[in-house]
Amino acid sequence: MAWRILAGLKDSVRDARGERVRREIREHLGIDLASVRTIDIYTVDAQLSEEEVQAAAGGPFCDPVIQDVAINRPLARDFDILIEVGYRPGVTDNVGRTAKEAIQYLTGRPFLAGEGVYTSVQYLLKGKVDVAAAERIAAGFLANGLIQRWTIVPAADFDRVRGLPASIPKVAVAAQQAAPVQEIDLDVSDAELMQISRAGMLALTLEEMKIIQSHAADPQVQAARRVAGLGAKLTDCELEALAQTWSEHCKHKIFAARIDYEDTITGEKLEINSLFKSYIVRATRELRERAGKNDICLSVFKDNAGVIRFTDDWSLVFKVETHNSPSALDPYGGALTGIVGVNRDSFGTGMGARLLFNTDVFCFASPFYDKPLPPRLLHPRRIFEGVVEGVEHGGNKSGIPTVNGSLVFDERFAGKPLVYCGTGAIMPTVVNGQPGHEKRAQIGDRIVMVGGRIGKDGIHGATFSSEELHEGSPVTAVQIGDPITQRRMFDFLIVARDRGLYSSITDNGAGGLSSSVGEMSQDTGGFEMHLDRAPLKYPGLQPWEILISEAQERMTVAVPPAKLDAFLTLAREMDVEATDLGHFTDSGYYHCLYHGNTVTWLPMDFLHEGVPQLRIPARWVPPAVTEPQLTSPVECVEILKSLLGSLNVCSKESVVRRYDHEVQAGTVVKPLTGVVNDGPSDAAVVRPLADSFAGVVVAHGICPRYSDIDTWHMTANAIDEALRNYVAVGGNIDHVAGLDNFCWCDPVKSDKTPDGEYKAAQLVRSNQALYEYCMAFGVPLISGKDSMKNDYQIGDTKISIPPTLLFSVIGKIDDVRRATTMDAKTPGDLIYLLGVTRDELGGSEYYALHGHIGRNVPEVDAATALARYRAVNAAQAQGLIASCHDLSDGGLGVALAETAFAGGCGIDVDLRRIDATRGLSDDRLLFSESASRLLVTVHNEQRAAFEAVFAGQSCACIGRVTAVPELRIVSLTGTMLTVASCDELKAAWLAPLKEL
Amino acid sequence: MKVKAIVIAGNGTNCEREVANACRLAGAECDIVHIAELLAGRKQLDDYHFLNLAGGFLDGDDLGSAKAGANRLQHARVAGSSETVADQLQRFIAAGKLVMGVCNGFQLMVKMGLLPALGGDHRTQSATLTFNDSGHFEDRWCELVVDPSSPCVFTSGLERLYFPVRHGEGKFMPADAGVLSIIENQHLAVVRYCDPAGGEPTMEYPWNPNGSTAAIAGICDETGRLFGLMPHPEAYVHRTHHPRWTRQPDLPEEGMGLWLYRNAVEFIREKLL
């Protein structure tokens with residue numbers, strides 16, 4: 001029978017969770033409740049004695065100091081309306097899983113198959129609230145209908161003796177299926193082929209379907225299939241395997257496409273055979289050749305993450321992923337899954353790596369968005385809250401510090417939020433006598449799946465993210481990560497790695513076993529896998545579902561047969577599930593069986609090479625943008641406050657503090673710095689080894705606003721921003737690698753995307769700039785990812801995100817004790833502006849404040865910038881820099897204010913001393929966003945030494961740090977343009993997101 | 001003979017490496033031991049002098065912080081014996097050895113009844129750590145003032161400390177006023193959150209980051225040998241851990257977190273070796 005165990009806070013105890021819910025209901029929905037209290041409920045569906053249930057209720061399930069507990073009777077009282085929220089069947093219930101384990105420890109007896117614990121939460125609302133309002137609260141804030149369900153009970157209807165009945169969200173096992181494997185007839189019309197693709201969520205194009213059709217019709221193929229015991233028709237497993245492998249998500253068809261590019265300005269025409277090979281891979285290859293023995297790259301593009309040199313004994317791993325589509329549907333689960341997913345990527349690189357840090361960059365619409373929302377879109381504030389909480393749980397519970405990130409705002413991100421999650425890791429250069437960054441599955445190695453079990457969750461994630469968000473977007477694509485199961489798995493795998501128990505490892509992400517085993521088997525040329533042996537969360541899964549499920553927390557490992565026993569024994573001891581599913585072969589076939597019957601027999605080369613090359617037209621016509629005519633203001637205090645209070649510039653402290661940014665005790669430059677620990681650091685420095693002062697430096701650049709003018713410059717600026725942030729804290733400009741993460745709107749011209757040629761041209765220009773600037777800066781690309789369908793289309797409403805490149809960098813500082821932070825240090829210090837200020841306000845925050853875009857986008861002069869960054873490194877090595885802050889959004893004005901208030905000081909500057917192009921007005925000098933500029937403070941006595949390092953470069957001493965906390969700016973005419981209290985500037989900067 | 005320290009790891013502990021580093025810097029030998037090793041019976045607490053319960057999220061804190069972790073220690077049997085790890089722990093305490101729990105480790109100690117353990121009862125829970133008043137996780141450095149009259153072995157000779165808190169459930173609450181008054185009268189409230197200038201215990205946010213009763217950040221038992229606190233001493237063992245190290249050139253090379261570990265090692269050398 002099912003027991004309901006309820007645990008609620010005693011009346012005398014403050015319910016902080018309930019109070020927070022009450023606050024947020026007011027913020028989100030404008031409903032002001034008198035109070036909200038909460039009760040945790042465990043529905044235990046297992047054969048237990050009354051005593052055992054009582055022991056659980058009084059033991060692990062309640063805190064006797066502050067909670068009351070009840071079994072099969074209600075605790076709720078003194079409320080007006082009650083909402084109970086629980087999960088839908090099959091949704092990952094982490095608390096339920098832990099509760100089940102707790103009972104097993106208590107009784108010393110494992111649960112039987114089908115037994116489980118399911119959790120739910122009761123919210124007791126008090127105040128003026130009717131059922132309709134409660135429905136709004138449940139649907140609009142407390143629960144997400146895709147994964148949760150709720151019950152609403154007004155106080156008058158509440159059974160005060162029995163409470164609510166037990167409800168068990170168990171996955172119903174479908175009645176006996178006619179045939180576990182379906183055959184699909186592809187000998188049909190084109191229209192029917194497309195119907196098969198659409199109905200099956202395969203995301204295959206007609207051309208692709210026709211290639212599969214002719215494969216199935218090939219007499220030789222059919223003969224081979226007969227030998228394998230299969231008919232001429234492909235099975236559902238085979239079609240699904242092809243759809244996963246050929247998905248945009250896995251195959252990057254747009255980056256591999258043949259593009260016909262035309263630049264209407266220069267008249268240049270170009271045929272590009274794969275953007276990826278022509279620009280990204282080529283840049284890295286050429287740079288590695290140029291570097292020769294100084295090449296820092298160890299493993300690029302081929303593995304789950306890139307690997308570079310760090311010290312003689314250790315290498316660094318870095319990967320950045322996006323999880324946009326799932327986060328649009330379920331922000332919490334999507335973001336949580338994003339962070340634990342990218343953790344698996346970096347963990348599963350080479351022979352396995354220890355995780356060091358996370359980064360996160362989110363692009364949202366304003367949380368204060370107040371226009372009507374198109375259907376199926378969640379309010380940006382809900383997305384903001386959910387994503388932040390998801391990454392908080394994913395990162396904090398994984399024990400990985402979140403050290404670097406950004407929040408970027410633009411209305412168009414209402415159509416699709418961008419959720420970038422990155423993970424850095426460290427691995428020994430040598431593991432058991434072999435290079436740690438290499439691996440290879442051997443013929444005969446066992447295919448072992450480790451970690452979580454398989455359910456229907458995450459089915460079609462890979463194909464789903466290869467489409468725009470539409471009405472039919474599947475709910476099974478949404479899932480919830482489980483950091484603890486993953487943590488146990490990692491703890492186990494690191495031990496297994498060091499004992500030499502496996503020969504290869506990879507993550508189960510998009511495409512599930514189909515992709516992980518399919519890719520790993522390229523080492524040997526085939527595999528044989530028994531799908532019926534895979535452990536399931538609940539019965540009733542079809543073989544194809546087992547094959548492609550993206551259920552989380554799983555890795556695939558190739559284990560030599562002689563080591564299988566040791567591997568499985570260690571797993572059992574460390575409470576990790578590991579299952580032998582088959583072995584790697586050299587048969588040339590992707591071979592799956594279900595209860596001994598072959599269900600897939602696909603040639604490896606067809607699977608991996610059979611996808612046709614896409615052909616995309618691209619035509620560059622520059623957008624018709626013009627420079628606005630602004631009258632120069634007579635004073636700048638209010639403008640500066642507005643800029644500091646804009647969403648893109650303002651303090652992100654409320655978010656940063658929700659992430660543990662210093663667990664592992666290695667974070668030397670933290671995200672927040674300065675005299676009261678709240679200044680915005682440019683980048684992070686992590687010291688990963690207790691016996692060395694070598695540090696890892698991580699930074700990023702992202703400037704989607706510039707895409708409205710030209711994605712070439714958007715890209716150049718993103719690269720430059722990442723590098724100047726990196727250098728600002730002390731990163732060695734000659735030991736740094738880059739990661740490119742493209743988030744684009746669909747660039748393939750079609751009826752749905754009539755402006756595809758322009759969007760494709762934007763993509764080409766971005767890649768061209770990526771190549772040019774990586775070459776010029778000497779930064780090899782080691783890993784990247786693209787997410788190409790960031791559009792929303794329902795009915796006539798289409799929202800496309802601005803093309804967005806996140807450029808992340810990872811590199812080294814030889815001695816972390818030489819790192820510099822952005823806060824002004826001592827009154828009397830001199831202030832230098834490095835770099836020339838130009839009339840470059842196109843896409844700036846200043847123009848945005850006035851409702852303009854402009855045309856003069858900042859242009860990056862890489863050669864000059866590189867010399868500057870090297871000089872900054874030289875000055876840092878000599879201890880000549882007291883503080884260093886990059887100029888970005890809001891230009892010099894914002895950088896001066898941040899430097900001053902982070903240091904608790906004031907600043908006096910004279911605009912006449914700025915190195916600028918002629919004719920710039922005061923406001924343009926202050927708010928231009930010209931690239932590659934840094935604001936540096938220098939102790940007075942080090943002036944000569946500092947200036948010597950920058951001899952021949954743009955390096956202007958523009959003022960001084962003062963003790964009085966005021967920002968005083970002298971105008972070009974010598975009058976006092978601005979006298980602003982730093983406290984007021986800081987208050988404006990702190991205000992916007994403080995309460996979120 | 002060497003001072004031998006142990007850090008228990010696994011099922012969601014996160015800070016075992018830096019705690020072990022702190023122990024080693026303080027002069028102890030230190031093993032990081034996965035709970036599976038203890039449950040398999042290959043390692044046992046009896047072989048150590050100093051037990052560290054590190055920060056993290058045991059079992060995700062899914063049933064409330066450290067609850068499921070406490071349940072495992074209390075009920076899972078060590079292979080080949082009838083005892084639990086909790087039984088080994090009681091023997092460890094009876095032998096006069098030292099235990100320090102930080103953050104999740106402190107939550108674990110309180111929920112197992114190891115702290116404050118009034119009247120020497122190390123099995124009954126009489127206080128708790130629950131959700132911060134803010135309702136969410138927070139990472140923030142806090143000033144702490146030490147009770148100079150406390151019997152705590154770890155803080156002997158110390159006055160003020162500065163460590164980060166990194167938790168969502170750090171609000172200290174005694175079961176009732178009686179428990180609180182015994183804690184205060186016996187000077188078991190070892191460290192309290194204080195205002196940075198005056199050093200007075202404070203209820204004011206953010207100095208008191210979670211709303212802890214009587215600003216209590218950490219407590220010890222009556223012997224002073226069992227100590228738990230929410231702030232992380234292992235997070236400040238070197239100058240560069242300090243959030244303002246780039247602007248305070250006069251900071252000593254060694255972080256003040258290390259003092260707690262040195263006190264522990266010294267005590268063991270004097271009393272237990």
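Where does Glu553(A) lie? Glu553(A) sits in the loop of chain A between α17 (543-548) and β22 (554-559), with helices (H or I, at least four residues) and strands (E, at least two) taken as DSSP runs and numbered from the N terminus. The model here is predicted, so local features need pLDDT of at least 70 and side-chain atom pairs count only at pLDDT 80 or more, while totals for chains, interfaces and linings use all residues. Residues are numbered from 1 along each chain as its sequence is written, chains are lettered from A and ligands numbered from 1 in the order in which they are written, and side-chain values use heavy atoms, with hydrogens and water left out.

Back to the backbone of chain A. Phi of Glu553(A) comes out near 60°, a positive value in a residue other than glycine. At 6% relative accessibility, Glu553(A) counts as buried; buried means under 20% relative accessible area, exposed over 50%, and partly exposed in between (1.4 Å probe, protein chains only). Met201(A) isn't a glycine either, yet has a positive phi of about 55°. Met201(A) is placed in the loop between α5 (190-199) and α6 (206-217) of chain A, and its 14% relative accessibility makes it buried.

The bond from Leu115(B) to Pro116(B) is cis, with omega near -5°, and Pro116(B) is found in the loop between α5 (104-112) and β5 (127-130) of chain B. The bond from Tyr205(B) to Pro206(B) is also cis, with omega near 0°; here the proline belongs to the loop between β9 (191-193) and β10 (216-220) of chain B.

As for overall build, chain B holds 7 helices and 11 strands. Its radius of gyration (taken over C-alpha atoms) is 17 Å, close to the 19 Å that the globule rule gives for 273 residues, so chain B is as compact as a globular protein of that length. That rule is 2.2 Å times the number of residues to the power 0.38. The C-alpha trace of chain B spans about 55 × 40 × 35 Å along its principal axes. Of the 273 residues of chain B, 70% count as buried. Among contacts in chain B (heavy atoms within 4.5 Å) with a separation of 6 or more, 74% come from residues 24 or more positions apart.

Now for where the chains meet. Chain A brings 64 residues to the contact and chain B 63. The area buried between the two chains is about 5100 Å², with carbon and sulfur atoms giving 52%; this is the accessible area (1.4 Å probe) that two parts lose on being put together, summed over both. In chain A, Val65(A), Tyr105(A) and Arg657(A) lose the most area to chain B, together 12% of what that side buries.

The count between chain A and chain B is 8 salt bridges, each a side-chain nitrogen of Lys or Arg within 4 Å of a carboxyl oxygen of Asp or Glu. One of them joins the side chains of Lys397(A) and Asp62(B) (4.0 Å, N to O). On the side of chain A that touches chain B, α3(A) gives the most, with 9 residues. By class, that side has 27 nonpolar, 14 polar and 23 charged residues, where Ala, Val, Leu, Ile, Met, Phe, Trp, Tyr, Cys and Pro count as nonpolar, Asp, Glu, Lys and Arg as charged, and the others, Gly among them, as polar.
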